[in-house]
Amino acid sequence: MPSRPSTLIAELSYQCPLHCPYCSNPVDIGGERYRRELGTDDWVRVFAQARRLGVLQLALTGGEPMLRGDLVELCAGARDAGLYSSLITAGTLFTRERARALKSAGLDHVQISIQSPDPEDNDRIAGNRSFAKKIAAALVARELDFPLTINCVLHRQNLDRIEELLALTLDLGAQRLELANTQYYGWAVANQAALMPSWEQLQRAEAAVQRFRERVGPKVTVLWVLPDFYEQLPKPCMGGWGRTAMVIAPNGEVMPCQAASTIDGLAFANVRNHPLEWIWNESDAFVRFRGTDWMQEPCRSCPLGRQEEDFGGCRCQALRLTGDAAATDPVCRFSPHHDRVVQARELAPTDEFVYRTMKRAAGV
Amino acid sequence: MTRPRLITGARLQYDDVRSEHVLLIPEGVVKLNSTAVEVLELCDGARSLDDIAGVLRARYQGADVRDDVRELVEAMAQRGLVVIDAI
């Protein structure tokens, strides 16, 4: 039997007031496939099934999960099931009144995104005047004694503000800061030249994070991961395919990662039709790249014996850069396609964004 | 005098699927052995380290656990799971 999952990422809705140019949601979110969102009862049933399967951590995300009118009921359902719930929000709708109701219902943790520590820059990147609301939301979260995480997706146009971001995190009384270097799937592919950082930017940012950790200590946990495009060896994407985590799209399709819908030919079972346990253990999408039997060369005879360490890296990235989802992640220096990763660092930079919308944009 | 408490938002829970005690924290799960559970249950921000050791000493027929308790709590604080506010 496969290992038990510990994390469920519940994408409650792909609707969002923000238009971030690196949004990891699928580029066809406005299409027919995602029109019918799961109902309250569906989600609550799924939360209980997830707990029985082993899940302990629940991420309520989107899009913007605060757009769900039944969020309080969903948080209560999560608590009843015995899950630890995190709300992953842009913060613009996290008013004191709604935050209080979520707290009473049993929501455990609030994570608020910030696009830049500079108000104008934040609003430009988000494509929405949102900075002041985000700060207000963070203060409300602290006032109500929620543990607070700030997250910021990093790229060429905000990496140089890392010191300001660290200072803001401390000012807001956040417990965690998630610094997520942009990953190139979803809308980020269309914006790669506007987002790809330089090696020097990353080096400076990493040094700033290191200094902050030494100065502040365990009071604030800072997550920092070097982006794939500057790595020589792949990361264990999602902790390994179908190994620790699962993602449920707003329409009920269950996926091994947020970008798995980009892989043509994978069949995603839906929680409307199947119990979660069967989907995890036996459905096509989860079985396809689980473990190591599916691997091709050079993974199959990995000279570093890393098959059980990185699980071949990211399937979606392999597909995008090589045309084959079962290929070795080209981030790996042993991949015959590693030159494509190296070339991508050299893109001529631009400041122009293609913003995320519910309509498929030109060039996406 | 220090009165340790779990970090904001941390929750002790018994995972009946895996039959083990866990500390749930924002986006993390920490597996706990039985000693750690007993100590962390007493880290309520009201009891001092000596109070906690005293409760456990009474529970275990007078065994002196003060050093063990201090070590465990300090290790948990280093990992960002417990806050030790000086009073």
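**Chains A and B: the contact and the folds**

Let's start with the contact. Chain B puts 17 residues into it, and chain A puts in 19 residues. Keep in mind that this is a predicted model.

Which elements of chain B give two or more residues to the side that touches chain A? They are strand 2 (11-15), strand 3 (20-25) and helix 3 (66-78) of chain B. Strand 2 of chain B gives the most, with three residues. Seven of the residues on the side of chain B that touches chain A are nonpolar, five are polar and five are charged.

Next, confidence. For the complex, the predictor gives an ipTM of 0.94 and a pTM of 0.95. Chain B has a mean pLDDT of 93. In chain B, 97% of the residues reach 70 or more. Which element of chain B has the lowest mean pLDDT? That is strand 5 (residues 82-86) of chain B, at 82. Strand 3 of chain B has the highest, at 98. Strand 3 of chain B is also one of the elements that give two or more residues to the side touching chain A.

On to chain A. Chain A has 13 helices and nine strands. Its C-alpha trace spans about 55 × 50 × 45 Å along the principal axes. How does the radius of gyration of chain A, 20 Å, sit against a compact globule? With 364 residues, such a globule would have a value near 21 Å, so chain A agrees.

Burial in chain A: 50% of the 364 residues count as buried. Last, contacts within chain A. Take those between residues at least 6 apart in sequence: 74% join residues at least 24 apart.

Technical notes. Residues are numbered from 1 along each chain as its sequence is written. Chains are lettered from A and ligands numbered from 1 in the order in which they are written. This is a predicted model: local features need pLDDT of at least 70, side-chain atom pairs count only at pLDDT 80 or more; totals for chains, interfaces and linings use all residues. Two residues are in contact if their C-beta atoms, placed from the backbone, lie within 7 Å. Helices (H or I, at least four residues) and strands (E, at least two) are DSSP runs, numbered from the N terminus. Ala, Val, Leu, Ile, Met, Phe, Trp, Tyr, Cys and Pro count as nonpolar, Asp, Glu, Lys and Arg as charged, and the others, Gly among them, as polar. pLDDT is the predictor's confidence in each residue, from 0 to 100. The radius of gyration is taken over C-alpha atoms; the globule rule is 2.2 Å times the number of residues to the power 0.38. A residue is buried if 20 or more other C-beta atoms lie within 10 Å of its own, exposed if 12 or fewer, and partly exposed in between; C-beta atoms are placed from the backbone.
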